[in-house]
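Take a look at the model below.

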Amino acid sequence: MLKQILSRLPRKALKAESGDLVRTDTGTPRSSSGSPGSRPTSAKKTSSVFPTNAVAGAEPSAAFNDVPIAEKLNLFVSKLNLCCTVFDFNDPSKNSIEKDVKRQTLIELVDFMVSGPPRFTEPVIAAMCKMCATNLFRVFPPNYRSNSLGGENDDDEPTFNPAWSHLQLVYDLLLKFVTSSCLDAKVAKKYIDHSFILRLLDLFDTEDPRERECLKTVLHRIYGKFMVHRPFIRKSMSNIFYRFVFETERNNGIAEMLEIFGSVISGFALPLKEEHKIFLWRALIPLHKPKSVGVYFQQLSYCVTQFIEKEPKLASSVIKGLLRYWPITNSQKEVMFLGELEEILEAINMVEFQKIMVPLFWRIGCCINSFHFQVAERALFLWNNDQIVNLIAHNRQVLIPVIFPALERNAQSHWNQAVLNLSLNVRKMLSEMDDELFLACHARFKEEESRLSLEAQKRKEKWEQLENEASLQPVSGNTAVLVTPLATSITC
């Protein structure tokens, strides 16, 4: 009789009466002997794999369709707590049954989110954030692929996380949770706080591209949902960019974070705040400096272009920044810079162009004379752009004298036939643009070449005179002696 009465009592009361129960690290009530202290012997097999939940009447192994609507959120919390156990996936044979149970539970949680759940209460939000933090947040080992600089080596194959079968479902669940209309941002901001966001940003350094893609989507949705966190997210991402450029040059997620910023910049209100302009000058422009810029250059160029489209007055400042970080010895980067420069010149207005046209076309002239044929070709291809040709035509009195010597040197002596032909075509365009100015520049170029040749001949004669005088001086003490080629051959 006593046994029948006790069996009808609520499970929560039984837990309260059990004096020998202790709680594990995951919040699991267990007896001091190590066996489950609150489970009836008739529990299903899945309930013995993971810890039980503290919510009364919510059995994690139950299906959502088998419980009344009032108990669905309790069951949801129970299943979230059940998924707080993290397994080691480096050994596929270890805990295989438990891993499969957890995966099935995560799938159930995702399906529940899709089905249109009731409005989330604060305990539900807390349980969701705890489960996501337990499964996602981790510290990557030091010297993470130490031989590469932020993915600079394109031959490196991506590294895939063996736990992705679980992580993917957790990210999917977090994304659906953040974007759900049942989530009150005012309540959730206490749990999806600055600490949560910082640890989420740290995960961008993962080498698994699938995880970075999920992180990009989740963070972008958080930025859209939690307006109160927007300044903090921008500041935190800026700090990551600063650390990458000026300290480590190591981060696998720069491209994804820039992709987020690309959509954020498009939503900036006009006129732009000073904070946004500072981000352009102190973060985006210096991001052109690292050797691994090719990994994220497309996203970086898009962000810069978005700023200029928002406020065209920034174009001259951006070009000055590009000239400051111009790669002198890296031909591949030079080609990329020239491509971005063309996009900027397409959007620039005449006033801003005139501020930087002289140093800009001096640098373009250097690229035209480059011995690397791809750099020279890309620079000459600028004349295929009607907008750039129009800018040159309106300022031809200044620009043709700057660019003419580079074209003439190419036409006379460049080793690559394609570059030589392109130089001749551009030279012809300038001649048709203003023939009188072209002839004057040509005459000035000839005079300059003659002057330089005469100076070179004088220097050569002076050095020969010094060598002859030095060869006639007697050697005394530690006096340095300039040995002529003739003397060297005799000594040998």
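## About the model

This is a predicted model: local features need pLDDT of at least 70, side-chain atom pairs count only at pLDDT 80 or more, and totals for chains, interfaces and linings use all residues. Residues are numbered from 1 along each chain as its sequence is written, and side-chain values use heavy atoms, with hydrogens and water left out.

Helices are DSSP runs (H or I, at least four residues), numbered from the N terminus.

## Loop residues

The peptide bond from Leu270 to Pro271 is cis, and its omega is near -5 degrees. Pro271 sits in the loop between helix H11 (254-266) and helix H12 (274-284).

Asn95 has a positive phi, near 55 degrees, and is not a glycine. Its loop runs between helix H3 (69-82) and helix H4 (96-114). Glu249, also not a glycine, has a positive phi near 55 degrees. Glu249 lies in the loop between helix H10 (230-248) and H11.

## Helices H11 and H13

The axes of H11 and helix H13 (residues 297-310) come within 8 Å and cross at roughly 15 degrees. Axes are lines fitted to C-alpha atoms over the stretch in contact, with angles from 0 to 180 degrees between N-to-C directions. The two helices are therefore roughly parallel (angles under 35 degrees).

Key
Parallel < 35°, antiparallel > 145°, perpendicular 65-115°, else oblique.
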